[in-house]
Structure formats: structure tokens, C-alpha cells
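Dear colleague,

Please find the structure below, followed by a short account of what was found in it. I would be grateful if you would read the two side by side.

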Amino acid sequence: MRLNPQQTLAVKQTSSPLLVLAGAGSGKTAVITQKIVHLVTNCGYQANQIAAVTFTNKAAKEMKARVTKLLGDGASKGLIVSTFHNLGLNIIRREHQALGIRQNFTIFDDQDSLALMRELSKLGVDADKSELIAILNRISAWKNDLLLPEQAIAQAKDNDELISAKLYEAYQRSLKAYNAVDFDDLILIPTLLLRNHDDIRIKWHNKIRYLLVDEYQDTNTSQYELVKLLTGKLGSFTVVGDDDQSIYSWRGAQPKNLELLQHDFPNLKVVKLEQNYRSCGRILKSANVLIANNPHLFDKSLWSDKEYGEPIRILSVKEDNHEAERVVSEILARKIRSNFKFSDFAILYRGNHQSRLVERALVNKQVPYKVSGNTSFFARAEIKDVLAYLRLLVNPDDDNAFIRISNTPRREIGATTLEKLGTYANHRHISLFEAIFEVGLEEHLSGKGLRAVRKFGEIMTRASDNIKRGDPVAVLNELMAYIGYHGYLFETSSSPKAAEFRWANVTELLSWIERGIEDNANEDDPFAKTVNKICLREMLDRNNDDEEENNEVQLMTLHASKGLEFPHVYLLGMEEELLPHKSSIEEDNVEEERRLAYVGVTRAKETLAIMVAKQRARYGEMVNSVPSRFLEEMPQDDLDWEEDRLQVSDDEKRESGKSKMENLRKMLSS
DNA sequence: TTACTATCATTTTTT
DNA sequence: ATGATAGTAA
């Protein structure tokens with residue numbers, strides 16, 4: 001791969017800290033990978049002295065593969081390419097003694113946090129789900145700003161905040177007791193550790209001599225602080241980012257961190273990558289003109305030497321269901337006309353719910369498609385169950401896992417028994433699992449209940465011992481058979497088919513464990529490592545990869561599309577209050593919505609079509625919709641407006657007829 | 001324990 | 001309108 005002059009500059013600049021402003025499609029991944037190669041082959045770095053951090057497992061995996069291919073297995077040995085969270089996890093694992101955390105801690109995901117918060121709130125305030133989530137979000141924001149509970153309590157501005165801060169304190173206490181950490185802790189804990197312990201900081205500083213950061217605009221305060229602590233005052237780092245693609249500020253990302261770099265490192269060098277290798281000229285120009293409406297930290301203008309390309313079509317349709325049908329018939333027509341593959345097409349939208357109508361239309365026309373951004377795998381009851389077994393095997397103090405599975409499948413540990421066990425454990429300040437075997441428990445729990453919990457304890461203890469001794473996968477299969485989980489799924493599923501599907505999910509999860517153990521065979525505790533990785537969703541992408549070959553139309557949110565590219569893109573619902581979204585208008589944050597639109601437009605390589613509906617169902621009601629301001633902000637000469645030709649098939653006539661009938665009926669009834 | 005009813009939310013969710 | 005999820009009644 002040949003690098004252009006700017007890219008070469010970015011690779012060669014190693015003597016001072018470097019910020020690479022990498023526009024969409026400008027080959028930033030090539031720069032990062034080539035730079036790692038350069039550091040190893042020309043600058044005397046060992047691979048194990050270099051770390052590259054990303055935000056997604058997928059990006060980390062891709063980058064690692066590319067570097068390994070260029071350097072070879074031997075020369076790239078020990079190179080760290082991981083997500084921020086994974087890096088944090090490794091630091092915590094190595095320094096757990098200094099942190100007072102026991103070796104086999106568990107990682108809580110959002111659902112675990114919610115379950116825990118629900119328990120905590122029962123004691124004082126009682127809050128509903130959305131309030132609990134709001135509290136958790138506030139706690140997350142505090143953690144991202146490196147604020148500890150005491151500080152949050154001290155600076156609470158109102159009673160509401162004070163309650164949240166108090167819950168934050170209780171939440172952290174519980175995590176400690178469960179020997180668990182949440183996602184934010186994976187950054188927060190290492191950052192505070194390095195900040196407060198000079199010796200440990202120096203140790204890590206010596207270990208990681210050069211740091212590269214991808215998607216730097218998405219870092220939050222604690223992540224930036226971690227970067228600073230790891231690279232020291234001299235700043236032996238390269239960060240790559242694009243303020244125009246900052247779309248996660250609502251999750252604490254601070255594009256301001258780009259600016260802060262210049263302040264914190266006066267000798268910072270800045271290199272801009274402005275040649276775009278992805279899109280046709282017209283698409284690029286439109287994107288540039290659109291994003292020019294935002295204020296900018298750094299000026300840059302993307303250019304492309306590809307051909308100018310077809311006009312951007314604006315397809316105006318009457319209703320949202322026409323929009324869906326139109327997109328699908330477009331794709332079918334163009335596929336046949338030009339011999340495209342289904343996988344050449346992407347349908348992008350603002351909100352997940354928008355996929356519904358499109359999916360219906362795709363199913364009607366029997367078009368294969370894939371909706372990505374599905375986090376549903378980990379939300380599945382059977383996955384949560386089995387994962388809870390795995391977690392409890394790794395960390396017996398994980399009360400959350402204990403509560404989930406102590407009676408799943410049913411083993412006569414009911415609510416009363418669990419409550420008594422809980423009261424006792426609480427009183428003794430020990431975990432539920434530990435409490436099972438205490439003699440003192442016998443005073444609180446009588447014959448049947450006691451026997452049931454002890455039996456459960458024995459099952460888990462035996463499995464745990466066997467795992468330490470030998471083949472974990474065999475032990476897990478035995479355990480699943482022993483507790484009769486397969487049969488349990490059949491008893492609890494609505495149909496045998498559903499049960500089989502759920503069991504297939506379980507075997508999928510177990511096969512991840514198997515692969516994970518193989519990958520970590522020479523580490524100290526391959527099983528525990530693998531369970532942690534799964535908690536960090538690290539192996540989810542591996543699964544997606546196999547399906548990438550499939551010839552399917554790609555459906556996803558604009559957020560999920562960042563970093564991807566497609567020959568032909570359909571951008572849905574380019575309307576006021578949808579893109580920009582209503583709440584963003586109200587919160588006066590249209591700029592981020594504009595960036596979102598920018599991301600969408602720059603995904604397209606060859607053609608782009610933007611859909612606008614005149615009417616759209618909102619909260620069950622048909623509401624008039626007007627074209628987005630972003631359309632006016634784009635260069636009109638490059639847009640080709642098309643009214644809906646109503647060239648509809650019989651099916652569609654019936655469909656639209658039906659909705660007309662429905663509207664009529666609604667009018668009459670109201 | 002199952003099945004019904006009430007309630008809820010339709011903005012995004014890299015970990 | 002709609003679909004999911006949580007809670008409650010039989």
C-alpha cells in the first residue's frame with residue numbers, strides 16, 4: 001500500500017506528540033498500521049512496547065490482523081492492540097493487589113448495573129426503570145469525569161443530584177462486595193491508580209513506550225487522562241480523529257479533547273489527511289458543503305480524485321410506508337439492471353424503530369437483509385443464564401449471578417429461602433455463595449431450603465474444582481447436562497422450534513468459551529480470561545464476521561454505520577424532527593445531528609439516495625413532515641429531486657389503499 | 001406457574 | 001399503532 005505525502009508525514013513523525021486529523025475515508029487505519037510497522041522496523045521499538053487503542057473490538061481485531069500481516073507473527077509478538085476497556089481490564093488484572101480487588105472479579109454490564117440499582121433503590125427512594133437509568137447515566141457521567149462518590153455528594157447541586165450521589169456511593173460499595181467492576185470502572189480505576197501511584201505509573205510508562213489512539217474524538221475525560229498518564233509529559237503518542245465525526249457526545253465523548261491536546265502538549269504536531277479514497281466527487285462535495293455549516297476546531301477540506309458521479313437523488317414520498325416500499329423496489333430494480341449484489345446496498349436511518357417498516361417491505365419482496373447493531377444476543381434469557389453460571393464459577397462472590405441462577409432451572413430455592421440466605425449473608429458481610437456453607441446459616445434456614453441451597457453450592461463447587469483441574473469445556477457440558485438446561489429450555493419455550501433456537505444460542509456461547517480458552521491457553525487462567533472477554537462483548541464480532549460474506553442488504557442506524565462504507569446508500573427520513581431529531585433541536589444540539597448526517601452521506605462510495613416522506617406515523621398518528629434543513633444546506637446543483645411517481649404494483653396499491661382506509665376510519669371515529 | 005393486563009417508549013448505545 | 005416488558009391475578 002502506497003501512502004500519500006500527508007500519510008507519510010503522519011507515519012514518520014515520531015519525535016513529538018502527533019494529532020492526525022483524518023477525514024472520512026482518508027485511510028486512517030492504514031496510517032496507524034503502517035506507523036506501528038515503522039516504529040518496529042525503523043525506530044528501534046519492540047512490538048511489546050507499543051499499544052494501539054480503539055473503541056470497538058472489531059476495529060482492534062482488524063488492526064491487529066493488518067499489522068501481523070505486515071510484520072509477521074514473530075516481530076509483532078507482544079504488540080497490544082485492544083479497546084480502551086480491554087487495556088483497562090489488563091491493567092486492573094495485573095495490579096489487582098494494589099487495588100484491593102480479588103483476582104477473579106466480574107464485569108457488570110448495563111443490565112447487571114440496572115439490576116443492582118433496582119435493589120439499592122428499594123431501600124430508600126423507589127424509582128421506576130427510566131429513573132433508575134437516569135441515575136445510572138448520571139453515575140456514569142461522574143465516573144467519566146473521574147469524580148468519586150464523596151466528591152459527587154459534596155458538589156451535588158440539588159436534592160435530586162444528592163440522591164443520585166448517595167446511590168453512587170452505595171452502588172460502588174456493592175460492586176466492591178460483589179468483587180465486580182462496571183464498564184466505566186475499567187477506565188476509571190486504572191486512571192486513578194496511575195494518577196496516585198508513581199511507581200505503578202512509571203512501570204506502565206516503561207512498558208508502553210508508544211501509544212496510538214484511534215477515533216480520538218470519541219474519548220471522554222477519563223480516557224484522555226489515561227492516555228496522558230500512560231504517555232507521560234513527553235507524549236510519545238499518535239492520536240487519530242475527526243471532529244466532524246464526533247457523534248457520541250451524549251455518551252461523554254469530548255471532541256474538546258482534540259483542542260486540549262494542543263494546550264497540554266505545546267510541541268504537538270498536527271497532520272491533516274484530506275484525500276478521500278472512498279466517495280465520488282459529488283458525494284464528497286455535498287458532504288463538505290453540509291458540514292461547513294458547523295463551527296470547526298480545525299479547518300480541513302476533503303478532496304477526491306475519483307469521478308464526479310451521479311447526482312444525489314432526493315426521493316420524495318407521501319408516507320413512511322411508501323418510503324420503505326420505494327427503497328426496496330429501487331434496490332430490486334437497480335440490482336437487476338446493473339447486476340449488483342444485495343450487499344452493495346445499505347439502508348441507514350436515525351432511530352432503530354425506523355427499520356420496522358423497511359423490514360416488512362423487504363420480507364414481502366423476499367429480499368435478504370441484515371439488521372446490524374443487534375445487542376440482542378446478550379439480552380436473551382438463555383445467554384444471561386449461562387453467562388451467570390460462568391460468572392459464578394469464576395467469581396463466587398458475584399451475587400448478581402447467584403440470584404439469577406440459584407433457581408434456574410428450578411431447584412426449589414424460592415423467594416423466601418433466597419431472602420433468608422440474603423439476610424444472613426448481609427448480616428455476616430459475606431457473599432451469598434459463601435453463606436451457603438456456614439454453620440450459622442442453619443439457625444436461619446430450615447431443612448428443605450437448607451438442603452436445596454447446599455445442593456446448589458455443591459454442584460457449583462464441584463464444577464469449579466473440575467474446571468481448575470482439567471478441560472473446562474467438558475466440565476461445562478457436564479454441568480449443563482447435570483442441571484438439565486436443555487430440557488429446561490424445552491419446558492419453558494413456547495415451541496420446540498423456539499427451544500432449539502435458544503439451545504443453539506447456548507451452544508454458540510459455549511463454543512466461544514472453547515475458542516477463547518484455546519486462544520488464551522498459555523495465560524494463567526484461560527477460563528476466567530475468556531469469561532471476562534465475553535463480558536466485554538469481545539467475541540461478538542467474530543460471530544458477525546462469518547456472516548459478512550452473506551449477500552444481504554445492510555440495515556443500520558447512522559451511529560452504527562460510522563467507519564463502514566457501501567457502494568450504494570439510502571438515507572431514510574431526512575426530515576425535520578427526525579434528522580435533526582426533535583430532542584436535539586430542543587436541546588440546541590443540531591450540530592451533532594449535522595455530523596450524523598455527514599457520517600451518513602460519507603458512507604456512500606458511488607451513489608446516494610435520500611428519502612423524504614411528507615407524512616409519517618408518530619405515536620400512532622400520521623403527522624406532517626417537512627424536509628430537513630440539512631437538505632437545504634447541501635449544494636442544490638448536485639441534488640436531483642424526484643416526486644414519487646406512484647408507479648406502484650398491485651400489492652402496493654392494496655397496501656396504500658389499506659392505509660387510506662385506515663386513515664378514513666380514524667377520521668370518522670375521532 | 002401461566003397467562004393476562006398494565007405500562008411504557010419509540011434517539012443514538014463503540015464497552 | 002405497536003411491540004416489548006413487567007407485574008399481577010387465577
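Is Arg-278 buried or exposed? In this predicted model, Arg-278 has a relative accessible area of 8%; it is therefore buried, since the cut-off for that class is under 20%. Arg-278 sits in the loop that runs between β8 (269-273) and α14 (281-291). Beyond its neighbours within four places in sequence, Arg-278 is in contact with Ala-24, Gly-25, Lys-306, Leu-564, Glu-565, Thr-602, Arg-603, Ala-604 and Lys-605.

Arg-278 also belongs to a UniProt "binding site" feature, taken from an unreviewed entry, together with Ala-22, Gly-23, Ala-24, Gly-25, Ser-26, Gly-27, Lys-28 and Thr-29. These positions are spread over 257 residues of sequence, yet they cluster in space, with a largest C-alpha distance of 13.3 Å. Thr-29, in helix α2 (residues 28-42), is partly exposed at a relative accessible area of 21%. Apart from neighbours within four places in sequence, Thr-29 is in contact with Met-63 and Arg-66.

Base oxygens of DNA strand B lie 2.4 Å from a side-chain N or O atom of Arg-350, 3.1 Å from a polar side-chain atom of Ser-583 and 3.5 Å from one of His-559.

With kind regards

Notes
Residues numbered from 1 in each chain as written. Chains lettered and ligands numbered in written order. Predicted model: local features only at pLDDT ≥ 70, side-chain atom pairs only at ≥ 80, totals over all residues. Heavy atoms only, no water. Polar contact = N/O pair within 3.5 Å; in protein donor to acceptor, adjacent residues only side chain to side chain. UniProt positions renumbered as here; feature names shortened; annotations may be inferred. Helix = DSSP H or I, 4+ residues; strand = E, 2+ residues; numbered from the N terminus. Buried < 20%, exposed > 50% of the residue type's maximum accessible area, 1.4 Å probe, protein only. Contact = heavy atoms within 4.5 Å.
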